[in-house]
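Good morning, and thank you for coming. I would ask you to bring up the sequence and the structure, and we shall walk through them together.

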Amino acid sequence: MKISYNWLKQFIKTDWDSEKTASMLTDLGLEVEGVEKFQSVKGGLEGIVVGHVLTCLQHPNADKLKITTVDLGTDSPLQIVCGASNVAAGQKVPVATIGTILYDKEGKSFEIKKGKIRGEESHGMICAEDELGLGDSHEGIMVLDEKLVPGTPAAKVFSIENDEVFEIGLTPNRADAMSHWGTARDLRAGMLQNGTNVELITPSVSNFNIQKRTLKIDVKVEDSKLVPRYCGVTISNVKVGISPAWLQNRLKAIGITPKNNIVDVTNYVLHELGQPLHAFDASKIHGKIIVQNAAEGTKFTTLDDVERTLSSEDIMICDEKGPLCIAGVLGGKNSGVTDNTTTLFLESAYFNSVSIRKTAKRHAINTDASFRFERGIDPSIAEYALKRAAILIQEVSGGEITSDIVDIHPKKVEDHQVFLNLENVNKLIGQQIPDDVIKKILVSLDIKVNSISKVGLGLVIPAYRVDVTREIDVIEEILRVYGYNNIGFTQKLNASTSHSSRTEDYKIQNIVANLLVGNGFNEMMANSLTTPAYVALSDSLNESNNVLMLNPLSNDLSSMRQSLLFSGLEAISYNINRRNYDLKLFEFGKSYHKLLSGYQENNHLTLLMTGDRIQESWTTPQKPSDFFLFKGYVLAILERLGLNKIVSLPLNTDVFAEGMVYEMGNSTLVEFGTVKKSVLKHFDIKQEVFFADFNWSAILKQISNNIKFTEISKYPEVRRDLALLLDNKIEFSQLFESAKKTEKALLKEVNLFDVYEGKNLPSGKKSYAISFILQDNAKTLTDSQIDKVMSKLTQNFETEFGATLR
């Protein structure tokens, strides 16, 4: 946001330099990111003075040149060669002296130097209008008022305005400061706290008078919730033209290009008071003004000559024939002010901020008006701003006020009421601020003290402070005006330590993250906002459980995610499209669900893997990642967290082509598997993807806070292998559980290291090669003990599974 210092001084009379003012504004929370110089004419006409042409003779060596002597108010006149046809003795002219910097139309500078032109010396330059930047004419030199005194600086003659412009990084919550008036209010509060007593000067509208009542335009507002206030007035016999220099300079200083006197006034009042206005050509309004929602699909051409398709949620300013303007956003092409306009309908309104924001985002329009309406303007100044604009329009374009002001304001927007506990003020700020100082600050911010008690103050917050609705907001206001820099620090530093469980969420996350990163995974963070259409990819998700945004940025980001899978697949698709095929990703995140009893958030850890196991290299053949490698990563996480007593079950869902689930007690810890091709197709992924979804809340509950220490055995372990012929239906997990039950004391590990099916085996059979690790923590095992255990295992496998030794 740009703020002109000269403009600001119309509200506050101050002799502070710009640096001091910028520092004060920054301390108040209106951070000044830079201060730029502005001159209504580039260069400020520095070095240009009034000259009196004493003589004008023909150049002896050039028919189109003349030699002049010019009095510049110095001891002796100067000789200047001039090529203008209209130069003559006795004229008062602008002269650029030696060393003066001038600028061409492209803004490039050039210096006036002493030189010879066709053999005759020239000590300056008599200037034309365009050479000084005062206009576009180059028909001849400028001839000035003959009463001017030679040597008078041209900057005084042409009232060149020099200004300083603050570039303020305005935060979205400070809607009240989006104008020169709003900035002046804050600056006044800061100056008062600083001991500088200043008055806030507001533009007077006492000159507003209705000359005639010859052009009345009725207004009808369909929905007062969307349009709480709507004001309008007609102005007749205006003359559209170029704005006066003062108005153009004000707008140019803040980066706005002047258009015509009517539009310039509406822009001026917008940036002066923060109230957007719109001027209609009254002759193009048929019947009355109707403020209503558009019919779905209506075509409408805006001022930027773009045809837009309207939504039924768009607020439109219409007449009896159709739409004229997108309310609070952008005017229509066929109802705006043109050079031929003579009658105006001037609008000043207060629109629902949410509705305007939706419309602006829907049509991808960002205007100064929508920027302010979206954030919330002051509903109380609609009529005042209308009068201010009407007076200025009469001043710059003539005209007469030809109707009473229409002010549809069925229900006043109420001020906020907040109770301020003084003890809370001092507790949160950390420093005792005197009660009288607090009251003084509140009054300087237009916050009324409605009641006073021993405990605190009952306050009335003006409606334009949309960001101040709670006690903490008021305390923040007090602090920023009192000054963050004025809060002292004690010499004593107090610190405290708190006991933290080893199973704190963040600690467990760090343990798992370190494990995954060590295994080549990268952490990702996906947007929790997604498209509601993703629920159709899984029968386990329900559209009715979608948590929808009230004010979405787009349709693709209008719902909170119910699953972390789809945002992960988006990331994989994005990488694959950029030729990054080998991926290992993990994310700690939440899913969001709407239930009959309210809303629910679930914590998750998800893993995604696709592509080859290792980076391509000439030393190692490429091998794609597979289900069992992925399963190993899942088990590694559970084992690292000490979750060993898990039960594995097959998992068949509409998301996984094949999968497994690990449970512990009554809790599901993780579901993982190979993502179905039908799901991958939706994201244009053609390679295999593995996905694991950990129920993070359940995992945290299962982790024990107790640590068990076991001495490392002094005695050797023994390995024995068995090659078993089994039915195809038998799974390794069944053999594993049977072995553990058969020998609980000595059997430490059971591992499947080879599987064979095919040639030389009976039909329906397969071969398992299994290793068994045996160990006694008290003594060295003997051959007889080992043989006894292995015999018992073999016998059980034969009895339970019909296994035979190969």
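How many aromatic pairs does a search of the whole structure find? The search returns 20 aromatic pairs. Please bear in mind that what you see is a predicted model.

Let me take one of these pairs in detail. Trp7 and Tyr268 are stacked, with 4.5 Å from centre to centre and 15 degrees between the planes. Trp7 belongs to helix 1, residues 5-8, while Tyr268 belongs to helix 7, residues 261-273. The two residues are 261 positions apart, and the pair thus links distant parts of the chain. Is Trp7 buried or exposed? Trp7 is buried, and Tyr268 is buried as well.

Aromatic residues also gather elsewhere. Phe627, Phe628, Tyr662 and Phe672 make up one aromatic cluster.

I turn now to the chain as a whole. Its secondary structure amounts to 20 helices and 41 strands. Why is the chain described as more spread out than a compact globule? Its radius of gyration is 41 Å, whereas the globule rule gives 28 Å for 806 residues; the value for the chain is well over that figure, so the chain is more spread out than a compact globule. The C-alpha trace spans about 135 × 75 × 70 Å along its principal axes. Of the 806 residues, 47% are buried. Among contacts with a separation of 6 or more, 69% are between residues 24 or more positions apart.

We begin with helix 2, residues 18-27. Which of its residues are buried? They are Ser18, Thr21, Ala22, Met24 and Leu25. Viewed down the axis of helix 2, these buried residues fall within an arc of 160 degrees, and they therefore line one face of the helix. They pack against helix 1, strand 2 (31-39), strand 12 (162-169) and helix 5. Helix 1, you will recall, is the helix that holds Trp7. After helix 2 comes Gly29, with a positive phi near 100 degrees.

The second example is helix 12, residues 435-444, where Val437, Ile438, Ile441, Leu442 and Ser444 are buried. These residues cover an arc of only 165 degrees around the axis, which is why they are on the same side of helix 12. The face turned away from that buried side carries the exposed residues Asp436 and Val443. What do the buried residues of helix 12 pack against? Their partners are helix 5 (180-193), strand 25 (416-421), helix 11 (422-429), strand 27 (456-461) and helix 13 (471-482). Helix 12 is followed by Asp446, whose phi is positive, near 65 degrees.

We come to the strands. Strand 19, residues 315-318, pairs with strand 20, residues 323-326, in the antiparallel sense over 3 bridges. Met316 has Ile326 in strand 20 as its bridge partner. These two strands form a hairpin with 4 residues between them, and Gly322 in the turn has a positive phi of about 160 degrees. Strand 20 in turn runs antiparallel to strand 21, residues 330-331, with 2 bridges joining them. Here Cys325 stands opposite Gly331. Strand 20 and strand 21 likewise form a hairpin, with 3 residues between them; Gly328 in that turn has a positive phi of about 70 degrees.

How many bridges pair strand 32 with strand 33? Strand 32, residues 583-595, and strand 33, residues 598-610, pair over 13 bridges in the antiparallel sense. The hairpin that joins them passes through 2 residues. Gly589 stands opposite His604 in strand 33. Strand 33 is also joined by 7 bridges to strand 37, residues 689-695, and the two run antiparallel. Thr610 has Val689 in strand 37 as its bridge partner.

Finally, 3 strands form an open antiparallel sheet in the order 29-31-30. Its edge strands, each pairing on one side only, are strand 29 (529-530) and strand 30 (547-548). Strand 29 pairs with strand 31, residues 559-560, over 2 bridges, and Leu529 stands opposite Met560.

Thank you; I welcome your questions.

Notes. Residues numbered from 1 in each chain as written. Predicted model: local features only at pLDDT ≥ 70, side-chain atom pairs only at ≥ 80, totals over all residues. Heavy atoms only, no water. Pairing = 2+ DSSP bridges. Phe/Tyr/Trp six-rings, centres within 6.5 Å; stacked < 30°, edge-to-face > 60°. Buried < 20%, exposed > 50% of the residue type's maximum accessible area, 1.4 Å probe, protein only. Arc of directions from axis to C-beta. Contact = heavy atoms within 4.5 Å. Rg over C-alpha atoms; globule rule 2.2 N^0.38 Å.
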